[in-house]
Amino acid sequence: MLTTATSSHPVVVIGAGPIGLAAAAHLSDRGLPFLVLEAGPAAGAAIAGWGHTRLFSPWQYNLDAAARRLLEAACWTAPDADALPTGHELREQYLEPLAQLPQLAESIRYDARVTAAFRAGMDRTRTAHREETPFLIRIENADGHSEDVLASAVIDASGTWSTPNPLGQAGLLAPGERQAFSAGHITPPLPDVLGRDRDRVAGKRVMVTGAGHSAANTLLDLAELDSTTAITWAVRTADLTRVYGGGEQDDLAARGALGSRLRQLVDSGRIEVLTSFTITRFSGEDALTVHAATPDGEREVTVDVLVPATGFRPDLGMLSELRLNLDPAVEAPAQLGPLIDPEFHSCGSVGPHGERVLAHPEKNFNIVGMKSYGRTPTFLMVTGYEQVRSIAASLAGDRDAADAVHLELPETGVCTTDLGGSCDAPTKATDVCGASAPS
(Lines give C-alpha, C1' and ligand atoms only; values in the text may rest on other atoms or scores of the structure.)
Protein backbone atom coordinates (compact mmCIF):
# COMPACT_ATOMS: atom_id res chain seq x y z
CA MET A 1 0.00 0.00 0.00
CA LEU A 2 1.17 3.54 -0.69
CA THR A 3 2.42 5.45 2.34
CA THR A 4 1.07 8.85 3.32
CA ALA A 5 4.48 10.41 2.71
CA THR A 6 4.66 9.31 -0.91
CA SER A 7 1.02 9.03 -2.02
CA SER A 8 0.95 12.60 -3.34
CA HIS A 9 3.11 11.39 -6.24
CA PRO A 10 1.86 9.21 -9.11
CA VAL A 11 2.63 5.57 -9.64
CA VAL A 12 5.12 5.53 -12.50
CA VAL A 13 4.70 2.77 -15.08
CA ILE A 14 7.74 2.23 -17.33
CA GLY A 15 6.65 1.16 -20.79
CA ALA A 16 3.43 1.58 -22.80
CA GLY A 17 3.26 -1.93 -24.19
CA PRO A 18 0.45 -4.40 -23.45
CA ILE A 19 1.44 -4.91 -19.81
CA GLY A 20 2.26 -1.27 -19.10
CA LEU A 21 -1.08 -0.10 -20.49
CA ALA A 22 -2.88 -2.85 -18.57
CA ALA A 23 -1.19 -1.56 -15.41
CA ALA A 24 -2.45 1.92 -16.25
CA ALA A 25 -5.98 0.57 -16.77
CA HIS A 26 -5.97 -1.18 -13.40
CA LEU A 27 -4.54 1.86 -11.62
CA SER A 28 -7.22 3.99 -13.25
CA ASP A 29 -9.84 1.47 -12.14
CA ARG A 30 -8.53 1.83 -8.58
CA GLY A 31 -8.52 5.62 -8.70
CA LEU A 32 -4.74 5.84 -8.24
CA PRO A 33 -2.82 8.61 -10.03
CA PHE A 34 -0.26 7.28 -12.51
CA LEU A 35 2.20 8.32 -15.18
CA VAL A 36 3.24 6.02 -18.03
CA LEU A 37 6.69 6.69 -19.53
CA GLU A 38 7.28 5.23 -22.99
CA ALA A 39 10.67 5.39 -24.69
CA GLY A 40 9.15 5.15 -28.16
CA PRO A 41 6.94 7.57 -30.09
CA ALA A 42 3.70 5.60 -29.64
CA ALA A 43 2.04 2.88 -27.61
CA GLY A 44 3.51 -0.55 -28.23
CA ALA A 45 6.51 0.95 -30.00
CA ALA A 46 8.69 -2.14 -29.47
CA ILE A 47 6.06 -4.31 -31.15
CA ALA A 48 6.72 -2.47 -34.42
CA GLY A 49 9.97 -4.43 -34.60
CA TRP A 50 8.10 -7.72 -34.87
CA GLY A 51 4.72 -6.47 -36.02
CA HIS A 52 4.71 -8.71 -39.10
CA THR A 53 4.72 -11.80 -36.87
CA ARG A 54 1.42 -13.54 -36.19
CA LEU A 55 0.83 -14.55 -32.58
CA PHE A 56 -0.11 -18.16 -31.87
CA SER A 57 -2.47 -17.01 -29.09
CA PRO A 58 -5.91 -15.78 -30.25
CA TRP A 59 -7.39 -12.45 -29.25
CA GLN A 60 -9.19 -13.91 -26.23
CA TYR A 61 -5.79 -14.42 -24.58
CA ASN A 62 -4.41 -10.99 -25.46
CA LEU A 63 -6.91 -8.60 -23.88
CA ASP A 64 -6.71 -7.37 -20.30
CA ALA A 65 -10.01 -7.29 -18.38
CA ALA A 66 -9.71 -3.74 -16.99
CA ALA A 67 -8.48 -2.40 -20.34
CA ARG A 68 -11.37 -4.10 -22.08
CA ARG A 69 -13.91 -2.55 -19.71
CA LEU A 70 -12.54 0.92 -20.45
CA LEU A 71 -12.57 0.32 -24.20
CA GLU A 72 -16.07 -1.13 -24.34
CA ALA A 73 -17.40 1.77 -22.30
CA ALA A 74 -16.11 3.93 -25.19
CA CYS A 75 -18.02 1.81 -27.74
CA TRP A 76 -14.99 -0.19 -28.87
CA THR A 77 -15.75 -3.51 -30.48
CA ALA A 78 -13.45 -6.39 -29.58
CA PRO A 79 -11.87 -8.37 -32.42
CA ASP A 80 -12.92 -11.95 -33.11
CA ALA A 81 -11.93 -13.87 -29.98
CA ASP A 82 -10.59 -16.83 -31.97
CA ALA A 83 -8.61 -14.85 -34.57
CA LEU A 84 -4.81 -14.75 -34.39
CA PRO A 85 -3.53 -11.16 -34.55
CA THR A 86 -0.23 -9.99 -35.92
CA GLY A 87 1.84 -7.60 -33.84
CA HIS A 88 0.70 -4.74 -36.05
CA GLU A 89 -2.95 -5.71 -35.51
CA LEU A 90 -2.38 -5.91 -31.77
CA ARG A 91 -1.17 -2.31 -31.82
CA GLU A 92 -3.74 -0.92 -34.23
CA GLN A 93 -6.83 -2.68 -32.92
CA TYR A 94 -6.09 -2.74 -29.20
CA LEU A 95 -3.12 -0.80 -27.85
CA GLU A 96 -3.56 2.41 -29.80
CA PRO A 97 -7.31 2.75 -29.04
CA LEU A 98 -6.55 1.98 -25.38
CA ALA A 99 -3.79 4.58 -25.16
CA GLN A 100 -6.07 7.19 -26.73
CA LEU A 101 -8.79 6.87 -24.08
CA PRO A 102 -9.07 10.04 -21.98
CA GLN A 103 -8.59 8.03 -18.77
CA LEU A 104 -5.12 7.03 -19.97
CA ALA A 105 -4.00 9.46 -22.68
CA GLU A 106 -3.42 12.43 -20.37
CA SER A 107 -1.07 10.34 -18.24
CA ILE A 108 1.15 8.87 -20.96
CA ARG A 109 4.38 10.50 -22.09
CA TYR A 110 6.14 9.34 -25.25
CA ASP A 111 9.80 9.71 -26.27
CA ALA A 112 10.60 9.54 -22.56
CA ARG A 113 13.29 6.94 -21.98
CA VAL A 114 13.90 5.99 -18.35
CA THR A 115 17.63 5.85 -17.63
CA ALA A 116 17.48 5.35 -13.85
CA ALA A 117 15.05 4.65 -11.02
CA PHE A 118 16.09 5.14 -7.39
CA ARG A 119 14.98 6.60 -4.07
CA ALA A 120 15.29 10.38 -4.13
CA GLY A 121 18.62 11.36 -2.61
CA MET A 122 19.53 7.77 -1.71
CA ASP A 123 21.69 5.06 -3.17
CA ARG A 124 21.06 1.40 -2.34
CA THR A 125 23.18 1.53 0.82
CA ARG A 126 20.91 4.01 2.64
CA THR A 127 18.25 2.48 4.91
CA ALA A 128 16.92 5.17 7.26
CA HIS A 129 13.49 6.45 6.13
CA ARG A 130 13.88 4.56 2.86
CA GLU A 131 10.29 3.34 2.56
CA GLU A 132 8.92 6.83 3.24
CA THR A 133 11.12 8.41 0.57
CA PRO A 134 9.60 8.77 -2.92
CA PHE A 135 11.21 7.22 -5.95
CA LEU A 136 13.00 9.47 -8.42
CA ILE A 137 12.76 8.50 -12.08
CA ARG A 138 15.32 10.00 -14.45
CA ILE A 139 14.09 10.47 -18.02
CA GLU A 140 15.94 11.23 -21.22
CA ASN A 141 13.69 13.03 -23.71
CA ALA A 142 13.95 12.87 -27.50
CA ASP A 143 16.10 16.01 -27.59
CA GLY A 144 18.58 14.48 -25.14
CA HIS A 145 17.39 16.64 -22.26
CA SER A 146 17.23 14.92 -18.84
CA GLU A 147 14.35 15.31 -16.43
CA ASP A 148 13.50 13.89 -13.01
CA VAL A 149 10.02 12.75 -11.91
CA LEU A 150 8.97 11.72 -8.39
CA ALA A 151 6.90 8.57 -7.91
CA SER A 152 5.07 6.89 -5.04
CA ALA A 153 5.62 3.47 -6.62
CA VAL A 154 7.22 2.05 -9.75
CA ILE A 155 5.99 -0.69 -12.08
CA ASP A 156 8.71 -1.63 -14.56
CA ALA A 157 7.04 -3.02 -17.69
CA SER A 158 9.84 -2.03 -20.06
CA GLY A 159 10.25 -5.50 -21.56
CA THR A 160 13.39 -7.06 -23.01
CA TRP A 161 13.18 -6.35 -26.76
CA SER A 162 16.09 -3.90 -26.69
CA THR A 163 18.53 -6.42 -25.14
CA PRO A 164 18.76 -9.61 -27.24
CA ASN A 165 21.03 -12.37 -26.00
CA PRO A 166 24.51 -12.62 -27.53
CA LEU A 167 25.24 -15.48 -29.91
CA GLY A 168 28.42 -16.72 -28.27
CA GLN A 169 28.91 -19.32 -25.59
CA ALA A 170 28.50 -18.64 -21.87
CA GLY A 171 26.11 -15.74 -22.52
CA LEU A 172 28.82 -13.61 -24.09
CA LEU A 173 29.32 -11.97 -27.46
CA ALA A 174 31.29 -14.25 -29.75
CA PRO A 175 34.54 -12.83 -31.12
CA GLY A 176 33.68 -11.11 -34.38
CA GLU A 177 29.96 -10.81 -33.56
CA ARG A 178 29.84 -7.03 -33.47
CA GLN A 179 31.78 -6.77 -36.72
CA ALA A 180 29.50 -9.30 -38.43
CA PHE A 181 26.44 -7.36 -37.35
CA SER A 182 27.90 -4.06 -38.56
CA ALA A 183 28.73 -5.68 -41.91
CA GLY A 184 25.11 -6.78 -42.33
CA HIS A 185 25.79 -10.49 -42.04
CA ILE A 186 23.74 -10.74 -38.82
CA THR A 187 20.18 -9.38 -38.80
CA PRO A 188 18.22 -7.96 -35.88
CA PRO A 189 15.85 -10.46 -34.22
CA LEU A 190 12.69 -11.49 -36.11
CA PRO A 191 13.37 -9.90 -39.51
CA ASP A 192 10.42 -9.58 -41.88
CA VAL A 193 11.67 -12.18 -44.36
CA LEU A 194 8.44 -12.22 -46.38
CA GLY A 195 8.21 -8.44 -46.59
CA ARG A 196 10.59 -5.63 -45.70
CA ASP A 197 13.69 -7.86 -45.44
CA ARG A 198 12.90 -10.25 -48.29
CA ASP A 199 15.75 -9.13 -50.57
CA ARG A 200 18.21 -9.57 -47.73
CA VAL A 201 17.57 -13.34 -47.46
CA ALA A 202 15.89 -14.60 -50.66
CA GLY A 203 18.14 -16.94 -52.61
CA LYS A 204 20.85 -16.70 -49.97
CA ARG A 205 22.45 -19.16 -47.57
CA VAL A 206 20.67 -18.37 -44.31
CA MET A 207 21.38 -19.72 -40.84
CA VAL A 208 18.83 -19.36 -38.03
CA THR A 209 20.05 -19.85 -34.46
CA GLY A 210 17.80 -20.56 -31.50
CA ALA A 211 15.29 -23.15 -30.33
CA GLY A 212 12.19 -21.14 -29.49
CA HIS A 213 9.07 -19.85 -31.21
CA SER A 214 10.91 -16.90 -32.75
CA ALA A 215 13.24 -19.30 -34.52
CA ALA A 216 10.32 -21.46 -35.64
CA ASN A 217 8.44 -18.50 -37.11
CA THR A 218 11.50 -17.32 -39.03
CA LEU A 219 12.26 -20.80 -40.35
CA LEU A 220 8.69 -21.28 -41.58
CA ASP A 221 8.75 -17.90 -43.33
CA LEU A 222 12.09 -18.67 -44.97
CA ALA A 223 10.71 -21.93 -46.30
CA GLU A 224 7.96 -19.97 -48.08
CA LEU A 225 10.39 -17.81 -50.07
CA ASP A 226 11.71 -20.03 -52.85
CA SER A 227 13.68 -23.22 -53.30
CA THR A 228 16.92 -21.35 -53.91
CA THR A 229 17.06 -20.11 -50.30
CA ALA A 230 19.26 -22.56 -48.40
CA ILE A 231 18.16 -22.82 -44.77
CA THR A 232 20.32 -24.07 -41.90
CA TRP A 233 18.97 -24.26 -38.36
CA ALA A 234 21.62 -24.30 -35.62
CA VAL A 235 20.71 -25.14 -32.02
CA ARG A 236 22.75 -25.78 -28.92
CA THR A 237 20.49 -28.58 -27.72
CA ALA A 238 20.97 -32.19 -28.79
CA ASP A 239 17.25 -33.04 -28.77
CA LEU A 240 14.56 -31.17 -30.71
CA THR A 241 11.59 -32.87 -29.02
CA ARG A 242 10.87 -29.98 -26.70
CA VAL A 243 11.37 -27.49 -29.52
CA TYR A 244 8.67 -29.12 -31.64
CA GLY A 245 6.20 -28.93 -28.77
CA GLY A 246 3.06 -30.94 -28.14
CA GLY A 247 1.50 -30.86 -31.60
CA GLU A 248 -2.18 -31.81 -31.46
CA GLN A 249 -2.00 -32.13 -27.66
CA ASP A 250 -1.27 -28.41 -27.30
CA ASP A 251 -4.26 -26.46 -25.96
CA LEU A 252 -3.29 -23.59 -28.29
CA ALA A 253 -3.80 -25.01 -31.78
CA ALA A 254 -1.58 -22.47 -33.54
CA ARG A 255 1.27 -23.13 -31.15
CA GLY A 256 1.01 -26.87 -31.68
CA ALA A 257 0.83 -26.44 -35.46
CA LEU A 258 3.99 -24.34 -35.40
CA GLY A 259 6.07 -27.25 -34.15
CA SER A 260 4.34 -29.78 -36.39
CA ARG A 261 5.01 -27.76 -39.55
CA LEU A 262 8.61 -27.22 -38.54
CA ARG A 263 9.14 -30.94 -37.96
CA GLN A 264 7.78 -31.72 -41.44
CA LEU A 265 10.21 -29.28 -43.06
CA VAL A 266 13.13 -30.80 -41.19
CA ASP A 267 12.08 -34.37 -41.99
CA SER A 268 11.71 -33.48 -45.69
CA GLY A 269 15.24 -32.07 -45.81
CA ARG A 270 14.07 -28.53 -46.64
CA ILE A 271 15.77 -27.32 -43.46
CA GLU A 272 19.19 -28.64 -42.47
CA VAL A 273 19.56 -28.99 -38.70
CA LEU A 274 22.82 -28.67 -36.76
CA THR A 275 22.34 -29.85 -33.18
CA SER A 276 24.79 -29.44 -30.26
CA PHE A 277 26.15 -26.46 -32.18
CA THR A 278 27.82 -23.86 -29.93
CA ILE A 279 29.10 -20.76 -31.73
CA THR A 280 32.64 -19.83 -30.74
CA ARG A 281 33.49 -17.03 -33.19
CA PHE A 282 32.74 -15.39 -36.55
CA SER A 283 35.04 -14.53 -39.43
CA GLY A 284 34.86 -13.54 -43.10
CA GLU A 285 34.15 -10.43 -45.12
CA ASP A 286 32.11 -11.17 -48.26
CA ALA A 287 30.39 -14.05 -46.47
CA LEU A 288 30.10 -15.09 -42.84
CA THR A 289 31.95 -18.11 -41.52
CA VAL A 290 30.40 -19.42 -38.33
CA HIS A 291 32.84 -21.32 -36.13
CA ALA A 292 31.32 -23.71 -33.61
CA ALA A 293 32.17 -26.40 -31.09
CA THR A 294 30.31 -29.69 -31.60
CA PRO A 295 30.60 -33.16 -30.05
CA ASP A 296 32.58 -34.15 -33.15
CA GLY A 297 35.03 -31.28 -32.80
CA GLU A 298 35.31 -27.83 -34.34
CA ARG A 299 33.07 -27.05 -37.31
CA GLU A 300 32.86 -24.17 -39.78
CA VAL A 301 29.75 -23.24 -41.74
CA THR A 302 29.75 -20.40 -44.28
CA VAL A 303 26.50 -18.49 -44.85
CA ASP A 304 25.43 -15.18 -46.31
CA VAL A 305 23.08 -14.16 -43.50
CA LEU A 306 22.56 -15.26 -39.90
CA VAL A 307 19.23 -14.63 -38.14
CA PRO A 308 19.55 -14.65 -34.34
CA ALA A 309 16.62 -16.05 -32.38
CA THR A 310 18.34 -16.78 -29.10
CA GLY A 311 16.01 -14.82 -26.85
CA PHE A 312 16.39 -11.72 -24.75
CA ARG A 313 17.49 -10.67 -21.29
CA PRO A 314 16.41 -7.87 -18.93
CA ASP A 315 18.27 -4.57 -18.84
CA LEU A 316 18.83 -4.07 -15.12
CA GLY A 317 21.27 -1.19 -15.42
CA MET A 318 18.69 1.49 -14.75
CA LEU A 319 17.74 -0.28 -11.50
CA SER A 320 21.25 -0.50 -10.06
CA GLU A 321 20.48 1.72 -7.03
CA LEU A 322 17.34 -0.16 -6.02
CA ARG A 323 17.29 -3.13 -3.66
CA LEU A 324 16.28 -6.09 -5.80
CA ASN A 325 15.98 -9.76 -4.92
CA LEU A 326 16.59 -11.67 -8.14
CA ASP A 327 16.94 -15.36 -8.82
CA PRO A 328 20.67 -15.91 -9.44
CA ALA A 329 20.05 -18.13 -12.46
CA VAL A 330 17.33 -16.53 -14.57
CA GLU A 331 17.28 -12.95 -13.14
CA ALA A 332 13.58 -13.10 -12.37
CA PRO A 333 12.19 -12.05 -8.96
CA ALA A 334 13.58 -14.57 -6.47
CA GLN A 335 10.28 -16.28 -5.66
CA LEU A 336 9.30 -16.53 -9.33
CA GLY A 337 12.63 -17.82 -10.62
CA PRO A 338 12.30 -21.46 -9.49
CA LEU A 339 8.80 -21.65 -10.98
CA ILE A 340 10.01 -20.81 -14.49
CA ASP A 341 13.64 -21.95 -14.62
CA PRO A 342 13.81 -24.29 -17.65
CA GLU A 343 16.52 -26.33 -15.94
CA PHE A 344 13.99 -27.55 -13.38
CA HIS A 345 10.43 -26.59 -14.31
CA SER A 346 8.59 -29.00 -16.59
CA CYS A 347 5.31 -30.84 -17.10
CA GLY A 348 2.73 -28.25 -16.19
CA SER A 349 1.93 -24.57 -16.23
CA VAL A 350 3.37 -21.84 -14.06
CA GLY A 351 1.22 -21.34 -10.99
CA PRO A 352 -0.71 -18.14 -10.36
CA HIS A 353 1.49 -15.37 -9.06
CA GLY A 354 0.89 -11.78 -8.12
CA GLU A 355 2.35 -9.00 -6.01
CA ARG A 356 3.69 -11.19 -3.21
CA VAL A 357 5.72 -13.41 -5.55
CA LEU A 358 6.98 -10.39 -7.51
CA ALA A 359 7.93 -8.33 -4.44
CA HIS A 360 11.44 -7.02 -3.84
CA PRO A 361 13.06 -5.62 -0.69
CA GLU A 362 12.41 -2.22 -2.32
CA LYS A 363 8.84 -1.61 -1.18
CA ASN A 364 6.36 -0.57 -3.90
CA PHE A 365 8.70 -1.48 -6.71
CA ASN A 366 7.84 -4.31 -9.11
CA ILE A 367 9.12 -5.72 -12.37
CA VAL A 368 6.31 -7.12 -14.51
CA GLY A 369 5.68 -8.60 -17.93
CA MET A 370 8.40 -10.17 -20.03
CA LYS A 371 11.08 -8.47 -17.96
CA SER A 372 9.79 -10.21 -14.83
CA TYR A 373 10.66 -13.55 -16.44
CA GLY A 374 14.31 -12.52 -16.73
CA ARG A 375 16.14 -14.73 -19.19
CA THR A 376 13.33 -17.29 -19.40
CA PRO A 377 11.36 -17.13 -22.69
CA THR A 378 8.11 -18.51 -21.29
CA PHE A 379 5.92 -15.44 -20.98
CA LEU A 380 2.49 -14.62 -22.38
CA MET A 381 0.60 -11.37 -22.03
CA VAL A 382 -2.16 -12.70 -19.83
CA THR A 383 0.40 -13.63 -17.18
CA GLY A 384 1.42 -9.98 -17.03
CA TYR A 385 -2.19 -8.83 -16.91
CA GLU A 386 -2.75 -10.81 -13.71
CA GLN A 387 0.53 -9.50 -12.31
CA VAL A 388 -0.47 -5.85 -12.68
CA ARG A 389 -4.03 -6.46 -11.49
CA SER A 390 -2.62 -7.86 -8.24
CA ILE A 391 -0.06 -5.05 -7.88
CA ALA A 392 -2.67 -2.32 -8.43
CA ALA A 393 -4.87 -3.92 -5.78
CA SER A 394 -1.94 -4.03 -3.36
CA LEU A 395 -1.08 -0.37 -3.95
CA ALA A 396 -4.72 0.50 -3.29
CA GLY A 397 -4.61 -1.34 0.03
CA ASP A 398 -6.89 -4.18 -1.09
CA ARG A 399 -4.84 -7.09 0.22
CA ASP A 400 -7.53 -9.70 -0.34
CA ALA A 401 -7.82 -8.83 -4.05
CA ALA A 402 -4.04 -8.66 -4.41
CA ASP A 403 -3.67 -12.18 -3.03
CA ALA A 404 -6.60 -13.69 -4.94
CA VAL A 405 -4.58 -14.44 -8.06
CA HIS A 406 -6.10 -16.54 -10.84
CA LEU A 407 -4.14 -17.83 -13.80
CA GLU A 408 -5.24 -20.88 -15.76
CA LEU A 409 -2.73 -21.67 -18.49
CA PRO A 410 -3.45 -24.06 -21.37
CA GLU A 411 -1.18 -27.09 -21.45
CA THR A 412 1.48 -27.30 -24.12
CA GLY A 413 1.17 -31.07 -24.55
CA VAL A 414 4.84 -31.63 -23.74
CA CYS A 415 6.98 -31.65 -20.61
CA THR A 416 8.52 -28.21 -21.01
CA THR A 417 8.31 -24.60 -19.92
CA ASP A 418 6.71 -23.70 -23.24
CA LEU A 419 4.52 -20.63 -23.50
CA GLY A 420 1.04 -20.68 -22.05
CA GLY A 421 -1.86 -18.27 -21.92
CA SER A 422 -5.08 -17.49 -20.20
CA CYS A 423 -8.06 -15.22 -20.66
CA ASP A 424 -10.40 -13.15 -18.58
CA ALA A 425 -14.11 -13.45 -19.09
CA PRO A 426 -15.21 -10.82 -21.61
CA THR A 427 -17.13 -7.88 -20.29
CA LYS A 428 -20.45 -7.28 -22.04
CA ALA A 429 -20.73 -3.90 -23.75
CA THR A 430 -23.39 -1.52 -22.48
CA ASP A 431 -26.46 -0.73 -24.57
CA VAL A 432 -25.34 2.83 -25.29
CA CYS A 433 -22.60 1.49 -27.61
CA GLY A 434 -25.25 0.26 -29.99
CA ALA A 435 -27.19 3.50 -30.05
CA SER A 436 -26.87 6.25 -32.62
CA ALA A 437 -24.69 9.16 -31.71
CA PRO A 438 -26.59 12.38 -30.95
CA SER A 439 -26.76 14.84 -33.83
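This is a predicted model: local features need pLDDT of at least 70, side-chain atom pairs count only at pLDDT 80 or more; totals for chains, interfaces and linings use all residues.
1. Edge-to-face is the term here because the angle between the planes is over 60 degrees.

2. How many aromatic pairs are there by this rule? The count is three. W76 and Y94 make up a tilted one, with 6.4 Å from centre to centre and 45 degrees between the planes. This pair links distant parts of the chain, since W76 is in the loop between α2 and α3 while Y94 belongs to helix α3, 18 residues apart. W76 counts as buried because its relative accessibility is 13%, and Y94 counts as buried at 1%.

3. Now look for Y94 again in the largest nonpolar core, which has 53 residues. Y94 is among those with the most contacts inside this core, along with L21, L27, I155 and L395. Elements giving two or more residues to the core include α1 (18-29), α3 (87-99) and α12 (381-395). Another core, of 24 residues, lies apart from it and includes A215, L219, L262 and L265.

4. Helix α1 is worth a visit too. Of its 12 residues, 10 are buried, among them L21 and L27. Leaving aside residues up to four places away in sequence, L27 touches V11, V13, L32, F34, I155, A392 and L395. Just after α1, G31 takes a positive phi of about 75 degrees.

5. One last thing to find: the charged end of R119 sits over the ring of F135, 3.8 Å from the ring's centre.

Methods
Residues are numbered from 1 along each chain as its sequence is written. Side-chain values use heavy atoms; hydrogens and water are left out. A nonpolar core is a set of buried Ala, Val, Leu, Ile, Met, Phe, Trp, Tyr and Cys residues joined through side-chain atoms within 4.5 Å. Buried means under 20% relative accessible area, exposed over 50%, partly exposed in between (1.4 Å probe, protein chains only). Helices (H or I, at least four residues) and strands (E, at least two) are DSSP runs, numbered from the N terminus. Contact means heavy atoms within 4.5 Å. Rings of Phe, Tyr and Trp (its six-membered ring) pair if their centres lie within 6.5 Å; planes under 30 degrees apart count as stacked, over 60 as edge-to-face and the rest as tilted. A charge sits over a ring if NZ of Lys or CZ of Arg is within 6 Å of the ring centre and within 35 degrees of the ring normal.
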